[in-house]
Amino acid sequence: MSKTVLITGGAGFIGSHLANELLERGYNVKALDNLSEQVHGKNCTRPDYLNEEVELIVGDVRDPEKVKQALKGVDAVYHYAAMVGVGQSMYQINEYTDVNNRGTAVLLEALINNPVEKLVVASSMSIYGEGLYRDKAGKISPGYERDLNHLKSGNWELMDANGDLLTPYPTPETKTPSLASVYALSKYDQERMCLMIGKAYNIPTVALRFFNVYGTNQALSNPYTGVLAIFASRLLNGNAPMIFEDGRQQRDFVSVQDIAQASRLALETKAAEYESFNVGSGNAYTVVEIAEKMARVLGKEHIEAEISGKYRVGDIRHCFADITKTKEVLGYQPRISLEEGLVELATWLEGQTAEDKVAHAKNELMTRGLTV
Ligand code: UD1
């Protein structure tokens, strides 16, 4: 008999792709989702992109009754419901902590009474803070951070104690977390709480640390979403992408389809139990490169990105994934290159309308002193 899987946040960007991946493999899929306005717009109806075979339960992960109802007949759970904006988390502290941390607590209490064969939780690379760096002598170390005074004078790169420039290096799961935002703190809390309660109650649990995910179904009108969707929304409205710092900061952009692949493997791989895994592409790109590539695939090369020279509080400079462990243990192999992924995204974007609320979101950060 086919197994039934519940995805919290299953009507969202990543959840909807995961649902397709699981349905294709013969699983039954349920989704618990509150269809939040910031992601799904004012009408908050079932999104068109959500596979019609998904049984959607509209409700909040903080509501114990809804969670209990959603868990009925379920063999495995993906906990992917969360608020996701790094900048926004620095002023909506209560809301982020409530949805992310307490929401996880409510789910876990429900799971104690209704144990499942596997729990997979969406963690984030943001828990690392800065990635690893190599110094002039070739020594690779964690623990480098940026100083606000340096940032205020536009010194974006990390330096060692002698003032020598450091070179970013792929970050493995063993790097000690360094939590630079309320969002990162909440993701670490989710990850640890799931692994801890999972172990205590024999619910095999896996934490996946997602790097910068992009792809179709990403909420374009949500100004707190990932940089690629924000740039797409700006360009589609004829506006220049706004870049923080000098745009040379590096991230690991990974296709949502590869995220769906890794998520399924986490469910199906026994050796993954009680472990955390990086899910990225293993490649690093600068934010400027992303702006240029996005403009190119949208045919908007004439719109040049604006470099703001401002620092967004909570941001790190460079982090990209070492995916060795994920390849070895999960058998994960990233399949979609950034070039392919962007072309697919552009095709999807042709049929989309995006309300550009980015200037408003930027202003919200500025008035609170969260860009310097
Ligand atoms: C993102 C995700 C987070 C996820 C993490 C995993 C969102 C909102 N955040 O955080 O949920 O856990 O990846 O890696 O999806 N930038 C600009 N201009 C903009 C917006 C952003 O220059 O208009 C810059 C930022 O300053 C940052 C970089 O782009 O340097 C990436 O920002 P963002 O897309 O928000 O991603 P993360 O903060 O890495």
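Trainee: Which helix gives the largest share of the lining of the second largest pocket?

Mentor: In this predicted model, that share comes from helix H2, residues 37–40, which contributes 4 residues to the lining of the second largest pocket.

Trainee: And how many residues line that pocket, and which lie nearest its centre?

Mentor: The lining of the second largest pocket is made up of 28 residues, and those nearest the centre are Val39, His40, Gly41, Leu220 and Ser221.

Trainee: What's the volume, and how does the lining split by class?

Mentor: The volume of the second largest pocket is about 770 Å³, and its lining divides into 10 nonpolar, 12 polar and 6 charged residues.

Trainee: Which residues line the largest cavity?

Mentor: Its lining consists of His17, Tyr214, Gly215, Thr216, Ser255, Val256, Gln257, Ile336, Gly341, Glu344 and Leu345. By class, 4 of the lining residues are nonpolar, 6 are polar and 1 is charged.

Trainee: Now the ligand: how many residues are around it, and which come nearest?

Mentor: There are 23 residues around the ligand, with Ser124, Tyr183, Val227, Met242 and Asp315 coming nearest.

Trainee: What are the distances from Tyr183 and Asp315 to the ligand oxygens?

Mentor: For Tyr183, a polar side-chain atom is placed 2.6 Å from an oxygen atom of the ligand, while for Asp315 a polar side-chain atom is placed 2.4 Å from an oxygen atom of the ligand.

Trainee: And on the backbone side, what does Phe244 do?

Mentor: A polar backbone atom of Phe244 is 2.8 Å from an oxygen atom of the ligand.

Trainee: Where is Glu245, and what is its phi?

Mentor: Glu245 belongs to the loop between strand S11 (242–243) and strand S12 (250–251), and its phi is near 55°, a positive value in a residue other than glycine. As background, most residues other than glycine have a negative phi.

Trainee: Is Glu245 buried or exposed?

Mentor: Glu245 counts as buried because its relative accessible area is 1%, which is under the 20% cut-off.

Trainee: What about Tyr274, where does it sit and what is its phi?

Mentor: Tyr274 is in the loop between H9 and strand S14 (275–279), and although it is not a glycine, it has a positive phi of about 60°. Tyr274 is classed as partly exposed because its relative accessibility is 24%, and that class runs between 20% and 50%.

Trainee: Back to side-chain contacts: which partner does Gln218 have?

Mentor: The side chain of Gln218 makes a polar contact of 3.5 Å with the side chain of Thr225. Gln218 itself is in the loop between strand S10 (212–214) and helix H8 (227–236), and it is buried, with 7% relative accessible area.

Trainee: Which residue does Thr104 pair with?

Mentor: The side chain of Thr104 is joined to that of Gln190 by a polar contact of 3.0 Å. Thr104 is part of helix H5, residues 93–113, and is counted as buried at 0% relative accessibility.

Trainee: Where is Glu52, and is it buried or exposed?

Mentor: Glu52 lies in the loop between H2 and strand S3 (55–58), and it is exposed because its relative accessible area is 76%, which is over 50%.

Note on methods
Residues numbered from 1 in each chain as written. Predicted model: local features only at pLDDT ≥ 70, side-chain atom pairs only at ≥ 80, totals over all residues. Heavy atoms only, no water. 1 Å grid on protein atoms, 1.4 Å probe; cavity = no way out; pocket = protein on both sides within 12 Å on 5 of 7 lines; lining within 4 Å. Points joined across faces, edges and corners; volume = space filled by probe spheres on them. Helix = DSSP H or I, 4+ residues; strand = E, 2+ residues; numbered from the N terminus. Nonpolar A, V, L, I, M, F, W, Y, C, P; charged D, E, K, R; others polar. Near = heavy atom within 4 Å. Polar contact = N/O pair within 3.5 Å; in protein donor to acceptor, adjacent residues only side chain to side chain. Buried < 20%, exposed > 50% of the residue type's maximum accessible area, 1.4 Å probe, protein only.
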